[in-house]
Amino acid sequence: MLREHAHTVYNALRPPATDSAITNLSAEIPCQLPSSLLQSLQVHDGIEDSRSGAHRLFDNMALLTAEEIASTWRMQWNLQCECDFGGCHFTQTRSLKNDARWRRNWIPIMDCEGDHLVLDLDPGPTGKHGQVFAWYNYGSRPMRVVAESLRHWLHVVADELQHRRFTLDEWGHISLNKRLT
């Protein structure tokens with residue numbers, strides 16, 4: 001689908017993550033990584049130049065590599081441990097735990113200039129283990145669940161692309177019609 005409709009994005013997808021990259025990621029993050037994340041990394045290890053902003057998957061979000069997932073998680077967790085920040089005062093949902101800026105069992109999968117799409121392996125009382133939510137670095141917007149799981153989120157993204165429910169800008173960047181970030 002990307003090859004047909006968004007060549008720039010398709011060409012920026014990286015090859016599968018190496019076994020050592022996946023092993024390093026699993027060693028870095030102190031929780032059992034969902035099989036859907038590992039399977040996704042075995043298809044594409046993120047997108048080229050995701051940190052520079054040169055390539056974005058859609059909605060200005062870059063798909064992180066296994067190495068970037070580990071380094072982003074480490075940076076956010078270390079910052080939380082050093083500064084003990086509280087949660088986002090705009091977030092009013094019981095689906096997400098909101099007592100801290102970052103939680104140990106949150107796994108970043110996409111990035112947009114410090115904002116992340118996150119796998120939640122420690123949900124709130126009404127949330128679901130493995131749900132995907134939007135997290136904002138400056139706490140200026142409420143966090144919100146965007147999908148019940150990574151597998152579900154990937155299926156919805158694929159469906160949006162397959163049915164051409166998106167626009168392309170002059171640089172070939174995708175903006176989905178449905179808000180998934």
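This is a predicted model: local features need pLDDT of at least 70, side-chain atom pairs count only at pLDDT 80 or more; totals for chains, interfaces and linings use all residues.
An open sheet is formed by 5 strands in the order 1-2-3-4-5, with antiparallel pairing. Its edges are strand 1 (62-63) and strand 5 (144-147), each of which pairs on one side only. In general, the strands of a sheet pair through backbone hydrogen bonds, in either a parallel or an antiparallel arrangement.

Strand 4, comprising residues 131-135, is joined to strand 5 in the antiparallel sense over 3 bridges. Within this pairing, Phe 133 has Val 145 of strand 5 as its bridge partner.

## Helices on the sheet

Helix 5 (residues 66-83) packs on the sheet, where it touches strand 1, strand 2 (106-112), strand 3 (115-120) and strand 4. The direction of helix 5 makes about 110° with that of strand 2.

Helix 6 (residues 150-162) lies across strand 2, strand 3, strand 4 and strand 5. Relative to strand 5, helix 6 runs at about 65°.

## The two sides of helix 3

Helix 3 spans residues 19-28, and its residues Ala 21, Ile 22 and Leu 25 are buried. Viewed down the axis of helix 3, the buried residues fall within an arc of 95°, and they therefore line one face of the helix. On the other side of helix 3, Asp 19, Asn 24 and Ala 27 are exposed.

The cover over the buried residues of helix 3 includes helix 4 (35-41) and helix 5.

Definitions and conventions. Residues are numbered from 1 along each chain as its sequence is written. Side-chain values use heavy atoms; hydrogens and water are left out. Two strands pair if DSSP finds at least two bridges between them. Helices (H or I, at least four residues) and strands (E, at least two) are DSSP runs, numbered from the N terminus. Contact means heavy atoms within 4.5 Å. Axes are lines fitted to C-alpha atoms, for helices over the stretch in contact, and angles run from 0 to 180 degrees between N-to-C directions. Buried means under 20% relative accessible area, exposed over 50%, partly exposed in between (1.4 Å probe, protein chains only). The arc is that of the directions from the helix axis to the C-beta atoms.
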